[in-house]
Amino acid sequence: MKLALFDCDGTLVDSQNVIVAAMTRAFARADLTLPPREALLGIVGLSLLEAMRRLGGEDPQFPAERLAQLYREAFHELRAEPDFAEPLFPGVRRVLDHLAARDDVVLGIATGKSQRGVAAVLSHHGLQGRFVTIQTADDAPSKPHPAMVQQAMAAVGAAPLDTVLIGDTSFDMVMARAAGARAVGVTWGYHAPEMLRSSGAERLVSDSETLLAAMDELWADSLRLVSPLPASAEDRTERAETADER
């Protein structure tokens with residue numbers, strides 16, 4: 001069984017505007033200077049508390065826990081507003097439909113969002129029941145720790161070489177490789193292509209049209225890696241001579 005394991009923010013849905021808006025409200029309510037937009041998007045994918053710690057430069061005096069709570073409250077407020085939007089990236093639904101129709105593939109999610117946040121995204125886009133395993137920051141250590149991938153593989157019975165993680169951040173790539181899984185980086189998200197490649201991406205794709213092909217290439221490569229190689233002519237001759245001597 002093959003497992004296609006997707007990150008959420010920056011891979012399935014474009015949530016950058018709402019993330020920045022929620023961060024803006026949280027920092028304002030804490031009376032703190034808002035980091036640059038690129039810094040805010042650079043920590044997308046981490047669990048919320050870990051993200052806040054990084055934004056605070058790992059300063060033990062930085063109010064990471066308070067900011068995390070303020071962010072949750074702000075995000076909840078934004079979700080209730082009429083112009084709230086976390087749209088699917090172009091072509092993502094077609095990719096999910098194609099993979100879901102295959103008998104040899106199951107779908108999963110590994111994300112820094114909460115279970116509640118993922119449920120809201122899936123409900124909004126009519127994707128409930130599409131993913132067999134959903135691993136979140138509620139259930140495992142923050143990326144890039146490999147636990148989310150390991151738990152997803154265990155849940156569906158997939159081997160590491162049969163698992164492809166699709167993500168947009170270096171955290172995703174490091175997490176996948178640490179779990180022994182294959183890694184595809186999508187360049188429509190929040191980390192630059194060079195960051196994805198240097199973090200372990202085996203394929204980089206810039207659109208949904210090439211994503212499916214990249215996944216199939218990695219699955220085919222994995223099959224080659226685990227399949228026994230045919231004996232060479234020299235090996236066969238040596239075995240025959242040994243048999244004759246017996």
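The model is predicted: local features need pLDDT of at least 70, side-chain atom pairs count only at pLDDT 80 or more, and totals for chains, interfaces and linings use all residues. Residues are numbered from 1 along each chain as its sequence is written, and side-chain values use heavy atoms, with hydrogens and water left out. Helices (H or I, at least four residues) and strands (E, at least two) are DSSP runs, numbered from the N terminus.

**Nonpolar cores**

- In soluble globular proteins, nonpolar side chains tend to be buried together.
- A nonpolar core is a set of buried Ala, Val, Leu, Ile, Met, Phe, Trp, Tyr and Cys residues joined through side-chain atoms within 4.5 Å.
- Buried means under 20% relative accessible area, exposed over 50%, and partly exposed in between (1.4 Å probe, protein chains only).
- The largest nonpolar core has 31 residues, and Ala4, Phe6, Leu99, Ile166 and Leu211 touch the most other members.
- Two or more residues of this core come from each of strand 1, helix 5 (92-100), strand 2 (105-110), helix 6, strand 4 (163-167), strand 5 (182-186) and helix 10 (208-226).
- Helix 10 gives the most to this core, six residues.
- A second, separate core has 29 residues, among them Val20, Met23, Ala26 and Ala51.
- Ala4 is in contact (heavy atoms within 4.5 Å) with Leu99, Val105, Val106, Leu107, Gly108, Val164, Ile166, Met215 and Trp219, leaving aside neighbours within four places in sequence.

**Pocket and cavity**

- Both are found on a 1 Å grid over the protein atoms alone. A cavity is a set of points where a 1.4 Å probe fits but cannot get out. A pocket is an open set with protein on both sides within 12 Å along at least five of seven lines. Lining residues have an atom within 4 Å of a point.
- Grid points are joined across faces, edges and corners, and a volume is the space filled by probe spheres set on the points.
- The largest pocket holds about 610 Å³ of space.
- Its lining has 25 residues, and Leu48, Tyr71, Gly112, Lys113 and Ser114 lie nearest the centre of the pocket.
- Helix 1 (16-29), helix 3 (48-55), helix 4 (64-79) and helix 6 each supply at least two lining residues. The largest share, five residues, comes from helix 4.
- By class, the pocket lining has twelve nonpolar, seven polar and six charged residues. Here Ala, Val, Leu, Ile, Met, Phe, Trp, Tyr, Cys and Pro count as nonpolar, Asp, Glu, Lys and Arg as charged, and the others, Gly among them, as polar.
- There is one cavity of 30 Å³ or more. The largest cavity holds about 40 Å³.
- Phe6, Thr11, Leu12, Val92, Val95, Ile166, Trp188 and Leu211 line the largest cavity. Seven of its lining residues are nonpolar, one is polar and none is charged.

**Aromatic pairs**

- Rings of Phe, Tyr and Trp (its six-membered ring) pair if their centres lie within 6.5 Å; planes under 30 degrees apart count as stacked, over 60 as edge-to-face and the rest as tilted.
- The structure holds four aromatic pairs.
- Phe27 and Phe62 have ring centres 6.5 Å apart and planes at 40°, so this pair is tilted. Phe27 is in helix 1, and Phe62 is in the loop between helix 3 and helix 4, 35 residues apart. Both Phe27 and Phe62 are buried.
- Phe89 and Trp188 also form a tilted pair, because their ring centres are 6.1 Å apart and their planes are at 40°. Phe89 lies in the loop between helix 4 and helix 5 and Trp188 in the loop between strand 5 and helix 9 (193-198), so the pair ties together parts 99 residues apart in sequence.
- Phe89 is buried, with a relative accessible area of 10%. Trp188 counts as buried at 18% relative accessibility.
- Tyr71, Phe75 and Phe84 form one aromatic cluster.

**Single residues**

- His125 is in the loop between helix 6 (115-124) and strand 3 (133-135).
- Ser15 is in the loop between strand 1 (2-6) and helix 1.
- Leu212 is in helix 10.
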